[in-house]
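Visitor: Please take me through one part of this model in close-up. I would like the loop residue and its surroundings first, then the chain around them.

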There are 2 protein chains.
Amino acid sequence: MKTLVTIDKVAQLLKSWDNIHILTHQSPDGDTLGSGYALALALKYMGKNAKVITCKEIEGNFKFLQEGAEPAKDFSCEKVVSVDVATPSLLGDNMETYENRIDLCIDHHVTNDIEAEYKYVDSSSAATGEIILKLIDALGVNIDKSIADCLYTAISTDTGCFKYSNTTGDTLRAAARLLDIGCSSQQINYTFFELMTRKRVELEKYIYDTMEFYCDGQCAVIYITCDIVDRLQLTDDDMGGIEGIPRRIEGVRLGITIKEKSESLCKVSVRTNGDVSASDFCGNFGGGGHKAAAGCAINENITKVREMIISQAKEVLNEGKS
Amino acid sequence: MKTLVTIDKVAQLLKSWDNIHILTHQSPDGDTLGSGYALALALKYMGKNAKVITCKEIEGNFKFLQEGAEPAKDFSCEKVVSVDVATPSLLGDNMETYENRIDLCIDHHVTNDIEAEYKYVDSSSAATGEIILKLIDALGVNIDKSIADCLYTAISTDTGCFKYSNTTGDTLRAAARLLDIGCSSQQINYTFFELMTRKRVELEKYIYDTMEFYCDGQCAVIYITCDIVDRLQLTDDDMGGIEGIPRRIEGVRLGITIKEKSESLCKVSVRTNGDVSASDFCGNFGGGGHKAAAGCAINENITKVREMIISQAKEVLNEGKS
């Protein structure tokens, strides 16, 4: 049974709980990790045991979020909270262990089908980090620099540093508070929105050279093959944010990134402008997300995935034309 | 004689004035134009005659800022206000006419040597647009969507959409107000921070192919020659923000863009990370600006400018090494 609750009720529940596992989604981004570690820190400051559960060890640019958030001691999990996880399959390798035992789900996705006893889903928040900020206030915990760094990372990365259409006045006020607290916004912005590794430069050249256009330039598709990842020795950090590239090109309404994961699996990221629904597009392939940003995984080789995606793109963009 | 005044005094002066010319700087950016047109609109709403003076007609992405700001009728200029102009030479072709008759100078640059009867210079503001927002409040004028669009453009473009180190909590709160008012932040962000023309894509490929590194990769230099501008038929909009590219590369502390303007003139833009002062660097060549972003013009051909700049870069970056 799912009960939608208020932020005060969420705070009340957490106050009464202890020994908490906080679940994040696979292929973790700044919002799921920043929200998770901020909440873990707040619970730790309250004297509780809390641990952020990830699918694999966090390395690279997101690693700093973990600082100080390790639980003080080992403990047995009693309560489970998911943050920024829209659907059970996004728990990845942790799905089997946790799927049927989530007590509280905190999220900002328009569609959320996590089965949890208590749910707080606010799709008007640009990032789950915005919700966690309100929650930590409701818990009465002082937001220190470490929490502020986590929340700033969550909010800035989910809004493209306040550039995307999900950014509201409240988003900017939340970030303003975190800057007032002295979060390392400058370092975080540089890391996630400015810094280009030399490999990233090579990757962008490759992307621009191989980008394809369809439907009179309304659809742009880029490909990240296993071959280019191997050849340039690309890390996840090198590839951060590339999904945003095709949508940026003049005239593009539907920007698609196809990442080859193996001979029989591709991940597809969709970003849209205007009235094209990314979540509807990905819904056709069992995925989902937001109106302007969504994703799906397709168990086919990249040639087949390219065909499927382009065919769907033509259908969507040519709708109502005849 | 220069008198530093408070924002309330600035408001009081403007209330008592009429028939005002508002000066902007040459090679205009979003801050000088957004500030100028926002102020013109506010003065117009107060029933005054006000006109924004630019060096040449505004075309392309900034053109929308002018909407509704044209003066209702012709008038003879009685008072002159400069916005975001750090030094008289930045008035360009308008210098001769206006240099010695500026009544009020409003700016946010650390160094400002405009001779004006009254000066309001606040270098803690990320953009002159932040100051104009306070000023319009002090004037008691309601900030409508048109003014909000101008001010949002001013503030967002001068902070790289809130990414740069000049962004403060106050900057974000100012922007939050403008979003609450319903400014077209989404369209503005898309235009200035997302949109890439196909020509821009070609330009970035060219830049990445020809970028040079010095001092163990601490200095990156890019070149925009007359030849590439002609060949790709580049507009100012196509080239917007390229000065930010070299600084973004991993390890770069000093990012330099050399734009060839003619056989005997180059414009140099400098962007820095960490403790390298861009304004000091450009000061050596008669230019100036902020600590992390500055510029200068050098009356030499591009080969000579390249030599001068690289030699200076080596001096700055190797300082204290021996």
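Guide: Start with the whole chain, briefly. Buried residues make up 56% of the 322 residues in chain A. Here buried means under 20% relative accessible area, exposed over 50%, and partly exposed in between, with a 1.4 Å probe and protein chains only. This is a predicted model: local features need pLDDT of at least 70, side-chain atom pairs count only at pLDDT 80 or more, and totals for chains, interfaces and linings use all residues. Residues are numbered from 1 along each chain as its sequence is written, chains are lettered from A and ligands numbered from 1 in the order in which they are written, and side-chain values use heavy atoms, with hydrogens and water left out.

Now the close-up. E243(A) sits in the loop between α9 (226-232) and α10 (245-248) of chain A. Helices (H or I, at least four residues) and strands (E, at least two) are DSSP runs, numbered from the N terminus. E243(A) counts as buried because its relative accessibility is 13%.

What does E243(A) touch? Leaving aside neighbours within four places in sequence, E243(A) is in contact with T257(A), K259(A), S269(A) and R271(A). Contact means heavy atoms within 4.5 Å. With K259(A) there is also a polar contact, side chain to side chain, at 3.0 Å. A polar contact is a pair of N or O atoms within 3.5 Å; within protein, one must be able to donate a hydrogen and the other to accept it, and residues adjacent in sequence count only if both atoms are side-chain atoms.

Another loop of chain A deserves a look. D84(A) lies between β4 (79-83) and α3 (95-98). D84(A) is buried, with a relative accessible area of 2%. Its phi is positive, about 65°, although D84(A) is not a glycine. Most residues other than glycine have a negative phi.

Chain A has 12 helices and 12 strands. Among contacts in chain A between residues at least 6 apart in sequence, 66% join residues at least 24 apart. The C-alpha atoms fill a box of roughly 60 × 45 × 40 Å, taken along the principal axes. The radius of gyration of chain A is 20 Å, which agrees with the value near 20 Å for a compact globule of 322 residues. That radius is taken over C-alpha atoms, and the globule rule is 2.2 Å times the number of residues to the power 0.38.
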